[in-house]
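Look over the sequence and the model shown here before reading on. The paragraphs after it go from the whole chain to single residues.

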Amino acid sequence: CFAQVLFAFGLEQAGTVLLNLDASTLSLADGAGVLSWNGGSTLGDFEAVNASTPPTRQTRSGIPVVRFNGAGTVLRCPVATPNSILGANDYSIELWVCSSTPTGTHTMFATTAREGLSNNNGTVCEMRYSTDVKNAVEYYGSGNLTWYGNAGVNAPTGVTYPTAGEWHYLVNTVDGTNTCLYVDGRRVSSVWQTLKLSSDTAFCTVGGVYSRSSKSYTNGFVGDIAKVRVHDGCLTAAQVLANFEEENAVFQRDVTTLAPYWKDGAWKGQSFTGNQTLDVAGATPLVLDGVTTTVNGVQADNGFLTVKNGTLTFSNVLTYNAFGYGAGHEGGLTVGEGGTISATTPLAFGPRPGGSGRLVVAAGGTVNTTSWLRFGDYFGNGTLQIDHGGVATASIVILGPNNGTGTGTVAGSLTTTGMFYLGEKGGSATLDIQEGGVVTVQGVAPYDAPSANLSVLKLSGGTICLTSGSIKSLARVEVEGLGSVGVPNGNAFRR
């Protein structure tokens, strides 16, 4: 992904904006039929599939809208869906909508037709509005995105799906192997998967979707749509939030009812009470001092979190916890004296191109996860720092996977109960175990594949100890001073 500014609109964009439908550009009186809606030079004028029952131009609370009333009021793109958002390519879809009723299944936007292909899995993206919390975004046979993670991720109090009769900003993004859904600037659902969206000569639609099996338009939307934008790149969480804040000056969504997020030294929305998702943004760190609570997880795509003198437990609601996600973004987690992080889901630092994330475990701090610690991924940069007296334990530790770059210094204790990678799939990593530092590997130990000499294991007076398994290492090993490699029980150390 890469960020640009949508010229003439002051909004963030990713890649090229392929579609920009805006009801305020329609020169029609209220109640007039919308036979076509111009979406820009790439996709052109969306046309009513039924000229006798088109959607209508209306005004809601002073805001121009296109009002849909079921499957007979669908608008269709005149040209085939661009290849730049098909296959496994990145994309983003933004909608400002107000549903009249969530009862039933209502498709707001679809990238192409559904059903009828030899392999249906993940071939179409349907953004839906309904009480079916498990199918907010359907990829038809692949891993669908749910409203609020089907478990209260960033949900306003007492809400399981976006409230009908209110404006909502809905965004679906795809970035390589990760798909996300945002509601009113908050990420509410994500699934790691690789899509294979196909056009098969079909066209994208607004207000419904074409069914190949019934040869008709179905899942008609009932309500108002003010804006639709499609990008052939992936908006980051920070960009989504920025666009929501920019346009909400017009739509006036009551942010005090929304799930909280921390931005530049203050809470936005509801106050944080635990059992929520910690959204952290801005240069001013969120410091939890003396706080012990459970959260759904942490999203610090472009923000910093410090925990000390208390325990922050991450439940398994979020697919992963991200720090420094996306081009130009920095994020970090510092665990200070008396602080403990307890997690059952991955902690990822710098997990995407151009992002930079950092984990610091200071003296007296503890990190314990039964899942991954990942540093640098998919061309990102991640840094691990464990100071004297700091302790970290994970099932898997990986520095620099998938063309990423990982750097680590350990002067405290790092234990992995499973695999331990230094560089993997074209990535590179350097791990320096300093004096007094101990790295204990209980599973498969550091290696770099497939290219040799990309990664370096430095023992600057520290120790790496194999309690089982072997070091399958293509990395360069540098031993300085009192540095040592412990290989008990006849285990192998191979270079």
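Residues are numbered from 1 along each chain as its sequence is written, and side-chain values use heavy atoms, with hydrogens and water left out.

pLDDT is the predictor's confidence in each residue, from 0 to 100. The protein averages a pLDDT of 83, and 85% of the residues score at least 70. In residues 1-8 the pLDDT stays under 50, and residues 468-475 also stay under 50. The model has 24 contacts (heavy atoms within 4.5 Å) beyond four places in sequence for residues 1-8, and 34 such contacts for residues 468-475. Where pLDDT is low, the predicted coordinates should not be read in detail.

The protein has one helix and 48 strands; helices (H or I, at least four residues) and strands (E, at least two) are DSSP runs, numbered from the N terminus. Of the 495 residues, 56% are buried, where buried means under 20% relative accessible area, exposed over 50%, and partly exposed in between, with a 1.4 Å probe and protein chains only. Among contacts between residues at least 6 apart in sequence, 63% join residues at least 24 apart.

In soluble globular proteins, nonpolar side chains tend to be buried together. A nonpolar core is here a set of buried Ala, Val, Leu, Ile, Met, Phe, Trp, Tyr and Cys residues joined through side-chain atoms within 4.5 Å. The largest such core has 46 residues, and W37, F46, Y91 and F109 have the most contacts inside it. Several strands give two or more residues to this core, including β3 (17-22), β7 (63-69), β9 and β19. The most come from β9, which gives four residues. Another core, of 41 residues, lies apart from it and has L305, L359, L422 and A429 among its members.

Strand β9 (residues 91-99) has nine of its nine residues buried. On one side these are Y91, I93, L95, V97 and S99, and on the other S92, E94, W96 and C98, so that both faces are covered. Leaving aside neighbours within four places in sequence, Y91 is in contact with residues including I85, C125, Y139, L195 and C234.

Which strands does β9 pair with? Two strands pair if DSSP finds at least two bridges between them. Seven bridges join β9 to β13 (residues 168-175) in the antiparallel sense, and eight bridges join β9 to β19 (residues 222-231), also antiparallel. S92 stands opposite T173 in β13 and opposite H231 in β19.

Elsewhere, seven strands form an open antiparallel sheet in the order β4-β5-β8-β16-β10-β11-β12. Its edge strands, β4 (36-38) and β12 (137-138), each pair on one side only. Within this sheet, β8 (residues 75-76) and β16 (residues 205-206) run antiparallel and are joined by two bridges, and T205 in β16 is the bridge partner of R76.

The cysteines come last. A disulfide is a pair of cysteine sulfur atoms within 2.5 Å, and the structure holds zero disulfides.

Conventions:
This is a predicted model: local features need pLDDT of at least 70, side-chain atom pairs count only at pLDDT 80 or more; totals for chains, interfaces and linings use all residues.
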